[in-house]
Amino acid sequence: MKAPVLEARDLHVWFDLPDDRELHAVQGVSFGLAPGERFGLVGESGCGKTTTILGLMGLLPPTASVAGQVVLEGDNIMARGESSVAPHRWKDIAMIFQGAMNAFNPVKTIGDQIAEPMEVHGISEGDAARQRVGELLEMVGISRDRADRYPHEFSGGMRQRAAIAMALACEPKVLLADEPTTALDVMVQAQILQLLVSLTHDLGLAMVLVTHDLPLIAQVCNRAAVMYAGEIVEQGETETLYHDPGHPYTRLLFAATPDLYDESNVTSIPGGPPRLDREIIGCPFAPRCDRTFEPCPTVRPELRDLGAGHTAACHLNDPVMRAAAS
Amino acid sequence: MSTNGQVHPLLEVSDLVTRYPIPRGILGTVAGRPQQQVHAVEGISFSLNQGEMLALVGESGCGKTTTAQSVMRLVQPDSGSIRFEGSDISTLGFRELRPLRKRMQIIYQDPYESLDPRFRVRQTIEEPLVIHGVGTRSDRPHRVKEALVRAGLTPPELYIDRYPHELSGGQRQRVAIAASLVLDPKLLVADEPVSMLDVSVRAGILGLLDALRKDGMGILMITHDLSTAAHFADRIAVMYLGRIVEEGPARDVVRNPQHPYTKALISVVPKRDPRDSSEPQILKGETPNPVHIPSGCRFHPRCPLVTPECPRIDPELRTPKDGTTPDHRAACILV
């Protein structure tokens with residue numbers, strides 16, 4: 001892999017809860033992103049995927065405590081907190097928020113809103129900014145004369161394109177896209193995905209695609225990480241995740257997802273994820289797993305290298321554990 | 001089967017039209033501006049048998065939810081007939097509908113919104129019995145438990161005294177299903193029943209609907225998700241701008257789509273296998289506004305195969321020349 005443009009190193013996030021308790025939302029997440037790579041972060045609600053990327057952007061609320069490193073081209077931008085993250089936000093790392101298309105200010109034109117990050121960062125203003133807004137709009141497939149229109153004059157798909165244009169305004173190196181197609185119709189979803197793929201291709205932009213939808217990751221990303229209960233339980237090439245998963249959760253998640261042509265039964269995963277406001281003992285997935293054995297309820301599995309950049313946190317991959325159990 | 005021995009479908013919808021007027025406002029009315037309408041459902045027909053699941057599939061604005069609401073008589077159709085167990089219910093009044101409501105129930109997309117947060121599970125499920133005067137005070141607890149068991153919430157004692165906020169999304173949707181099962185309906189309309197739920201619990205809810213279907217219930221499922229429809233429905237009807245453009249056995253529609261819209265829709269469904277490199281056929285633009293419906297075939301402005309005839313001819317559903325089964329039909333002059 002080329003030197004990563006962005007890396008998360010052992011990222012932890014805790015949220016303060018009332019009565020001095022803490023919720024350990026992200027529990028030691030590490031991954032790297034090569035320039036131009038499309039990386040998927042997949043998991044169910046509450047698994048910490050959104051918290052992880054908000055952490056990368058330094059956008060967590062004051063009730064959150066963060067530990068670990070966010071390394072942008074070799075520099076830990078979390079070293080001095082907000083003062084070291086702020087210069088990189090939007091300029092190097094940009095984000096499309098979940099529901100961004102519904103977050104435009106209704107009384108300002110789309111063009112003015114796209115120009116805003118450029119003005120805030122002193123990249124350009126006035127006519128130059130207007131010129132750039134036109135380019136950005138065309139880049140995402142909207143004609144430049146629509147810059148003077150208001151959000152209500154755009155369809156959902158068009159507003160999502162505008163949100164992408166806004167994220168690209170300062171020419172970032174990394175784009176974090178949080179469920180960018182979730183509220184859209186299938187056909188519009190396909191259009192937006194096609195746009196994101198061509199943008200990463202044309203601009204050499206690296207992208208983290210955050211979604212609960214495995215097939216999306218399978219079709220868009222080269223590599224992906226599966227999150228469960230605040231940690232990455234498996235990471236690798238999407239082909240490997242589908243054809244040779246190293247963690248039962250990944251396998252069961254694929255088995256729970258209906259596919260158009262595969263007529264084999266789809267099966268749900270019993271139970272639900274563990275609470276994150278208490279310490280997890282053993283494997284967090286053990287209570288729902290179909291392959292548990294002796295160590296699972298008591299020993300927490302670590303990510304294990306399975307070769308070719310494929311890692312998984314499951315005792316089944318540990319020959320020593322398996323030998324001891326049998 | 002009715003009492004006189006005549007066989008008819010559980011639900012038979014013919015030429016259903018439902019439109020919503022767009023408010024003109026005072027100025028518009030004074031100025032005599034023409035009354036505009038949203039053409040939500042524009043003449044659709046389908047039938048549903050006992051023990052069958054029909055999926056109405058389409059993008060937002062295609063009229064699938066309006067169809068479901070019209071069938072349930074939650075909105076007033078403009079014309080057409082809705083025959084439930086053989087009798088036309090499309091013009092029945094509120095009072096006459098009431099006994100029918102027991103026999104046809106609807107569950108909604110969002111179990112976070114559809115349950116009263118101040119009701120315990122017991123109250124939520126008992127309420128329909130009270131409203132319809134079903135059962136006695138002493139046998140209702142038994143019926144409530146039975147409904148919970150049928151909805152897969154076992155043992156019922158574990159759930160019966162809980163509030164919605166103490167339940168997961170999947171459990172809430174099961175409570176909503178239990179509240180409709182308690183009246184022992186013959187028809188269940190499920191409007192996007194799993195789209196708000198996590199992937200790992202969706203299959204459980206869909207499996208439950210499948211089990212109810214096998215028990216003889218007729219299920220009309222509204223969904224935007226073709227993969228779900230392909231897996232669980234017996235038949236699929238694809239809607240576009242208020243019309244059914246293709247209808248047939250689920251397998252035939254998915255594996256041998258005939259209408260250009262269905263073909264495109266199927267091609268863009270993301271596949272689970274990253275090695276699947278089939279080229280998505282992405283249509284340009286978005287579904288037009290259902291106020292101004294295009295002339296002729298309503299799909300012609302976006303159709304990749306459009307012919308000069310298409311803006312003039314409004315095609316009817318018919319069996320394709322190379323169709324695999326006679327009950328697979330598509331509305332396109334090219335089929």
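In this predicted model, helix 7 of chain B has 16 residues, which at 1.5 Å a residue should span 22 Å; the end C-alpha atoms of the helix are 23 Å apart, which agrees. The helix covers residues 199–214 and packs on a sheet of chain B, where it touches strand 3 (53–57), strand 7 and strand 8. Its direction makes about 150° with that of strand 8 of chain B. Just after the helix, Gly216(B) takes a positive phi of about 110°.

Helix 7 of chain B is mostly covered, with 12 of its 16 residues buried. Among the buried residues are Val199(B), Arg202(B), Ile205(B), Leu209(B) and Arg213(B). The cover comes in part from chain B itself, including helix 6 (169–181) and helix 8 (226–232), and also includes helix 9 of chain A.

The sheet of chain B is open and mixed, and its seven strands follow the order 6-7-8-3-9-10-11. Strand 6 (104–107) and strand 11 (329–330) of chain B are the edge strands, each pairing on one side only. Within the sheet, strand 7 (residues 187–191) and strand 8 (residues 218–223) of chain B run parallel and are joined by five bridges. Leu187(B) stands opposite Gly218(B) of strand 8.

Between the chains, 32 residues of chain A are in contact with 32 residues of chain B. The elements of chain A that give two or more residues to this side are listed below.

| Element of chain A | Residues |
|---|---|
| Helix 6 | 186–203 |
| Helix 7 | 214–220 |
| Helix 8 | 238–243 |
| Helix 9 | 248–255 |

Helix 6 of chain A gives the most, with six residues. By class, the side of chain A that touches chain B has 16 nonpolar, 12 polar and four charged residues.

Note on methods:
Residues are numbered from 1 along each chain as its sequence is written. Chains are lettered from A and ligands numbered from 1 in the order in which they are written. This is a predicted model: local features need pLDDT of at least 70, side-chain atom pairs count only at pLDDT 80 or more; totals for chains, interfaces and linings use all residues. Two residues are in contact if their C-beta atoms, placed from the backbone, lie within 7 Å. Helices (H or I, at least four residues) and strands (E, at least two) are DSSP runs, numbered from the N terminus. Ala, Val, Leu, Ile, Met, Phe, Trp, Tyr, Cys and Pro count as nonpolar, Asp, Glu, Lys and Arg as charged, and the others, Gly among them, as polar. Two strands pair if DSSP finds at least two bridges between them. Axes are lines fitted to C-alpha atoms, for helices over the stretch in contact, and angles run from 0 to 180 degrees between N-to-C directions. The expected span of a helix is 1.5 Å times one less than its number of residues. A residue is buried if 20 or more other C-beta atoms lie within 10 Å of its own, exposed if 12 or fewer, and partly exposed in between; C-beta atoms are placed from the backbone.
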